[in-house]
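Work through these exercises with the structure open beside you. Try each task before you read its solution.

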Amino acid sequence: MTTLRETARDILIFSPPAVAVAEVSMLLRSVTGYSRWQRQDSESRASSFRALVERTIDEAESVKSKRRALELLSMCDPACESIAEAYFAWFLHAFNAHPWKTQVEILADGSLFVADFCFPDQKVLVEIEGFTKLGAERKEIGRNLDALMQRSNLLSAQGWNVIHVPAQQIFVDPIALYTHLRQVAAGIFAMRPPQKWLLRT
């Protein structure tokens, strides 16, 4: 019977990079019961399970496979709260983004908001928008859109550049997304070409 750490290893060795980072991020989150409200304890549990996966990777025969799996594992982020966010974390690595933080609490006009991705040095916040946030019914979508706009306005008033990224765009056309983000928030990316090996499907 395959263990969860063996499953993680196999995904990291054999799956396309985007899939590997996203799925193992979600696996880490599930296995460790990750919660942003208990971040320190969650990070400790994630670190322990990550170490188990690293030891399991070390059992692989191929040096190349080990190197690939360990590098991809280092990109996995259990703080991501959805598969779309985990794919976006892969996207940021693939396109050489500057350092960022996930699930960051920001106080604006007396209200506490949690940003999906925060680039503190560039004052940029990226929100990944999908069905889980907007809802499925028309009235619910309308209410949530109004709340998102109000939130964005409050954060913008504090000097943040708030960017909303449709989840679907991450899956369908990352190159187009990169082109768009370079237009609206060029400072979040280093001036280097994308890492081609991470873009392989």
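**Exercise 1. Find what caps the N-terminal end of H4, and follow that helix.**

Step 1. Serine 62 caps the N-terminal end of H4, with a side-chain oxygen 3.3 Å from the backbone nitrogen of lysine 64. A polar contact is a pair of N or O atoms within 3.5 Å; within protein, one must be able to donate a hydrogen and the other to accept it, and residues adjacent in sequence count only if both atoms are side-chain atoms. Helices (H or I, at least four residues) and strands (E, at least two) are DSSP runs, numbered from the N terminus.

Step 2. Know what you are looking at. This is a predicted model, where local features need pLDDT of at least 70 and side-chain atom pairs count only at pLDDT 80 or more, while totals for chains, interfaces and linings use all residues. Residues are numbered from 1 along each chain as its sequence is written, and side-chain values use heavy atoms, with hydrogens and water left out.

Step 3. Check the length. Helix H4 (residues 63-75) has 13 residues, which should span 18 Å at 1.5 Å a residue. The expected span is 1.5 Å times one less than the number of residues. The end C-alpha atoms of H4 are 19 Å apart, which agrees.

Step 4. Sort the faces. Ala69, Leu72, Leu73 and Met75 of H4 are buried. Buried means under 20% relative accessible area, exposed over 50%, partly exposed in between (1.4 Å probe, protein chains only). Down the axis of H4, the buried residues fall within an arc of 150°, so they line one face of the helix. That arc is taken from the directions from the helix axis to the C-beta atoms. The face turned away from the buried side of H4 carries the exposed residues Val63, Arg67 and Ser74.

Step 5. Find the cover. Helix H1 (4-14), helix H2 (17-32), helix H3 (39-57) and H5 are among what covers the buried residues of H4. Contact here means heavy atoms within 4.5 Å.

**Exercise 2. Which residues touch the most other members of the largest nonpolar core?**

Step 1. A nonpolar core is a set of buried Ala, Val, Leu, Ile, Met, Phe, Trp, Tyr and Cys residues joined through side-chain atoms within 4.5 Å. The largest has 48 residues, and Leu12, Phe88, Phe91 and Ile128 touch the most other members.

Step 2. Helix H5 (residues 83-94) gives the largest share of this core, 9 residues.

Step 3. A second, separate core has 10 residues, including Ala108, Phe113, Cys118 and Leu125.

**Exercise 3. How many aromatic pairs does a search of the whole structure find?**

Step 1. The search finds 8 aromatic pairs. Rings of Phe, Tyr and Trp (its six-membered ring) pair if their centres lie within 6.5 Å; planes under 30 degrees apart count as stacked, over 60 as edge-to-face and the rest as tilted.

Step 2. Tyrosine 87 and phenylalanine 171 have ring centres 4.9 Å apart and planes at 75°, so the pair is edge-to-face. Tyrosine 87 lies in helix H5 and phenylalanine 171 in helix H8 (residues 167-172), so the pair ties together parts 84 residues apart in sequence. Tyrosine 87 counts as buried at 16% relative accessibility. Phenylalanine 171 is partly exposed, at 40%.

Step 3. Phenylalanine 88 and phenylalanine 117 have ring centres 4.9 Å apart and planes at 65°, so this pair is edge-to-face. Both residues, phenylalanine 88 and phenylalanine 117, are buried.

Step 4. Ring pairs link Phe88, Phe91, Phe95, Phe117, Tyr178 and Phe189 into a cluster.
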